[in-house]
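Morning, everyone. Please have the structure open while I talk.

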Amino acid sequence: MSTYVVVGASRGIGYALLKKFSSDPANTVVGIVRTPAPTEEQVRKDGLNATIVQGDMTNYRSLLSAAEKVHKPVDYLWVNGGHLHDDTAGKFFTDYTVDNYDKMTDDLRKGFETNVLGVINTINAFLPLVQKSEIKKVITLTTGLADDNLTRDYGIWETAAYSVGKAATNTVIAKYDAKFRSEGILFLGISPGVVDVGKPSSETGQNLGAKFYKYSKGLKVLKPEESVEAMLKVVDESRAEGDGGQFYSHLGRHQRWL
Ligand SMILES: NC(=O)c1ccc[n+]([C@@H]2O[C@H](COP(=O)([O-])OP(=O)(O)OC[C@H]3O[C@@H](n4cnc5c(N)ncnc54)[C@H](OP(=O)(O)O)[C@@H]3O)[C@@H](O)[C@H]2O)c1
């Protein structure tokens with residue numbers, strides 16, 4: 001019996017986390033979403049044991065007020081929400097002319113606001129509740145695309161803006177670990193693998209897919225539920241001492257990304 005907060009729980013991996021945690025009726029499960037009504041409706045339809053609370057990762061006050069509503073020790077804080085840059089994933093920094101340069105800076109800024117500042121806002125708002133728990137695990141979704149070795153070795157220039165933001169996310173996680181490991185709080189980044197969250201296939205996706213297959217012949221596109229099962233095993237095995245501040249994959253501690 002544990003208390004789980006999933007931030008960015010409206011769909012995709014976040015909603016699958018909500019489903020998984022609520023399968024044990026003894027758990028307290030809270031999903032934080034920007035727009036509650038549709039998720040509340042889905043939760044009702046699916047019969048989940050989960051409460052939905054409004055909160056936007058880019059709005060610190062909204063998260064403080066969400067934390068106030070949760071108002072009990074949080075064992076597992078999952079910082080799942082992310083800005084995905086879907087429409088510009090196939091554009092590189094040199095693809096912008098002086099006339100549309102604002103589009104690139106705006107895109108980078110939006111990624112930073114959610115994937116870096118948003119992660120900090122979320123952790124800061126819920127940290128006092130995590131500190132009250134005996135378990136104290138803060139898990140943030142990141143991506144193997146932020147691994148510069150992968151970028152170099154497989155020529156992955158795609159998703160440039162997204163990867164830059166998520167690399168900063170990883171540094172944020174390492175900094176929180178450096179500050180709070182002594183309190184026994186685990187701060188962990190985890191890459192979920194390639195997960196099908198129902199987005200249409202794109203040319204960028206196909207190009208990336210070919211590079212991923214070169215990296216891992218055994219690559220499997222996962223359903224959100226499969227990714228969740230795999231990540232939970234890694235989180236279960238991870239401790240502040242020894243794993244704090246790391247950036248692991250769903251395949252395990254210090255394993256390949258795919
Ligand atoms: N799918 C993959 O293959 C993959 C691979 C590597 C990493 N990831 C990471 O895994 C996480 C989940 O991705 P996904 O594939 O499930 O994506 P998704 O289906 O696009 O869902 C993204 C989620 O983030 C939420 N969100 C975005 N901005 C937010 C904000 N400011 N405040 C609160 N919630 C916000 C969205 O809420 P709204 O409904 O309000 O927009 C949505 O619930 C992300 O951090 C992503 O970077 C995914």
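Start with confidence. This is a predicted model. The mean pLDDT of the protein is 97. Residues at 70 or more make up 100% of the protein. Where is confidence lowest, and where is it highest? The lowest mean belongs to helix α7, residues 203-215, at 95. The highest belongs to strand β4, residues 76-79, at 99.

In general, two packed helices are described by the angle between their axes and the distance between the axes. Here the partner is helix α8, residues 224-237. The two axes come within 9 Å. They cross at roughly 65°. The crossing of α1 past α8 is right-handed. Which residues meet there? From α1, we have Gly12, Ile13, Ala16, Leu17 and Lys20. From α8, we have Pro224, Glu225, Ser227 and Val228. Sorted by class, this contact has five nonpolar residues, two polar and two charged.

Is aspartate 236 buried or exposed? Aspartate 236 counts as exposed, because it has 9 C-beta neighbours inside 10 Å, and the cut-off for exposed is 12 or fewer. Aspartate 236 and valine 43 are 193 residues apart along the chain, and their C-alpha atoms are separated by 26 Å.

Next, proline 38, in helix α2, residues 36-46. Proline 38 has 12 C-beta neighbours inside 10 Å, so it counts as exposed. From proline 38 to serine 201 is 163 residues in sequence, and 25 Å in space, C-alpha to C-alpha.

Alanine 167 is an intermediate case. It lies in helix α6, residues 160-180. Alanine 167 counts as partly exposed, because 19 C-beta neighbours fall inside 10 Å. Buried would need 20 or more. Its C-alpha atom is separated by 24 Å from that of lysine 220, 53 residues apart along the chain.

Now a charged residue on the inside. Lysine 137 is found in strand β5, residues 137-141. Lysine 137 is buried, because 22 other C-beta atoms lie within 10 Å. What does lysine 137 touch, leaving out residues up to four places away in sequence? The answer is Asp75, Tyr76, Leu186 and Val235. Take tyrosine 76 from that set. Lysine 137 and tyrosine 76 are 61 residues apart in sequence, yet 4.9 Å apart in space, C-alpha to C-alpha.

Last topic: backbone angles. Most residues other than glycine have a negative phi. Two exceptions deserve a look. One is histidine 85, with a phi near 55°. Histidine 85 sits in the loop between β4 and α4. Why does histidine 85 count as buried? Because 21 other C-beta atoms lie within 10 Å.

The other is threonine 159. Its phi is also positive, about 55°, although threonine 159 is not a glycine. Threonine 159 sits in the loop between α5, at 148-154, and α6. Threonine 159 is buried too, because 24 other C-beta atoms lie within 10 Å.

Histidine 85 and threonine 159 both have positive phi.

Methods
Residues are numbered from 1 along each chain as its sequence is written. This is a predicted model: local features need pLDDT of at least 70, side-chain atom pairs count only at pLDDT 80 or more; totals for chains, interfaces and linings use all residues. Axes are lines fitted to C-alpha atoms, for helices over the stretch in contact, and angles run from 0 to 180 degrees between N-to-C directions. Helices (H or I, at least four residues) and strands (E, at least two) are DSSP runs, numbered from the N terminus. A crossing is left-handed if the near helix is turned anticlockwise from the far one by less than a right angle, and right-handed if clockwise. Two residues are in contact if their C-beta atoms, placed from the backbone, lie within 7 Å. Ala, Val, Leu, Ile, Met, Phe, Trp, Tyr, Cys and Pro count as nonpolar, Asp, Glu, Lys and Arg as charged, and the others, Gly among them, as polar. pLDDT is the predictor's confidence in each residue, from 0 to 100.
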